[in-house]
Amino acid sequence: GGIITQTPKFLIGQEGQKLTLKCQQNFNHDTMYWYRQDSGKGLRLIYYSITENDLQKGDLSEGYDASREKKSSFSLTVTSAQKNEMAVFLCASSIWGGGETLYFGSGTRLTVL
Amino acid sequence: QQNVQQSPESLIVPEGARTSLNCTFSDSASQYFWWYRQHSGKAPKALMSIFSNGEKEEGRFTIHLNKASLHFSLHIRDSQPSDSALYLCAVSNRTGGYKVVFGSGTRLLVSP
């Protein structure tokens, strides 16, 4: 088995601040994802990456940057935090994407003051 | 652009009831279909998947897929209080570039 570790668990920032969320997986999976979940709702795809140094935009990429410098890690940057994007950010990975199951981390809860 | 919708938004059923959750998708090229379950405060976990038209049963859970209708569903037999959770459907296809799109979720409460 493996695990996905997201840090930090809670992130508090000021409006307009640049904030970075980190995700590490030890499954040796190729594909990694960042999703945003607003208040117990569904998941919206921000960015995904099918291999090291690859980045693909999801439907919600505006206002975010991502980085995949190593196969095991995928980071997400909120370029200018806004109060309306307070949410839980979930990182996931899968063996190669497409038809494979996603495994999720426990999330980072973002609060913007 | 893939659009995935779930219904109903929320559902309350008595213990022992049969529960049905629905998911519609817009891209007819979709190939892979899952249901995930998320208990309160926890990470989503895969429950079941189906890749071809028809039905698949695992214990109390059954998944139906009708690609022509752009619809799949999850049925829970003998619902238990421990089934209370947010249920998320997800869809992808290879030509979509490994993109996995989720629905907006159905919140299920099973009352004892």
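Student: Where in chain A is the place of Ser94(A)?

Tutor: Ser94(A) sits in strand β9, residues 87–94 of chain A. Strands here are DSSP runs of E of at least two residues, and helices are runs of H or I of at least four, numbered from the N terminus. Before we go on: this is a predicted model, where local features need pLDDT of at least 70, side-chain atom pairs count only at pLDDT 80 or more, and totals for chains, interfaces and linings use all residues. Residues are numbered from 1 along each chain as its sequence is written, chains are lettered from A and ligands numbered from 1 in the order written, and side-chain values use heavy atoms, with hydrogens and water left out.

Student: Why does Ser94(A) count as buried?

Tutor: Buried means under 20% relative accessible area (exposed is over 50%, partly exposed in between; 1.4 Å probe, protein chains only). Ser94(A) has 0% relative accessibility, so it counts as buried.

Student: Which residues is Ser94(A) in contact with, leaving aside neighbours within four places in sequence?

Tutor: Contact means heavy atoms within 4.5 Å. On that list for Ser94(A) are His29(A), Asp30(A), Thr31(A), Tyr33(A), Glu100(A), Thr101(A) and Leu102(A).

Student: What makes Asp59(A) and Lys99(B) a salt bridge?

Tutor: The rule wants a side-chain nitrogen of Lys or Arg within 4 Å of a carboxyl oxygen of Asp or Glu. The closest N and O atoms of Asp59(A) and Lys99(B) are 3.1 Å apart, so the pair passes the 4 Å rule. Across the interface of chain B and chain A, the rule finds one salt bridge.

Student: How much area is buried between chain B and chain A?

Tutor: About 1800 Å², with carbon and sulfur atoms giving 58%. Buried area is the accessible area (1.4 Å probe) that two parts lose on being put together, summed over both. Tyr98(B), Lys99(B) and Phe102(B) supply 32% of what chain B buries against chain A, more than any other three residues. As for residues, the contact takes 24 from chain B and 22 from chain A.

Student: Which residues touch the most other members of the largest nonpolar core?

Tutor: A nonpolar core is a set of buried Ala, Val, Leu, Ile, Met, Phe, Trp, Tyr and Cys residues joined through side-chain atoms within 4.5 Å. Of the 23 residues in the largest one, Val4(B), Phe25(B), Phe33(B), Trp35(B), Phe72(B), Leu74(B) and Tyr87(B) touch the most other members. β9(B) gives the most to this core, with four residues. Apart from it lies another core of 21 residues, Ile4(A) and Met32(A) among them.
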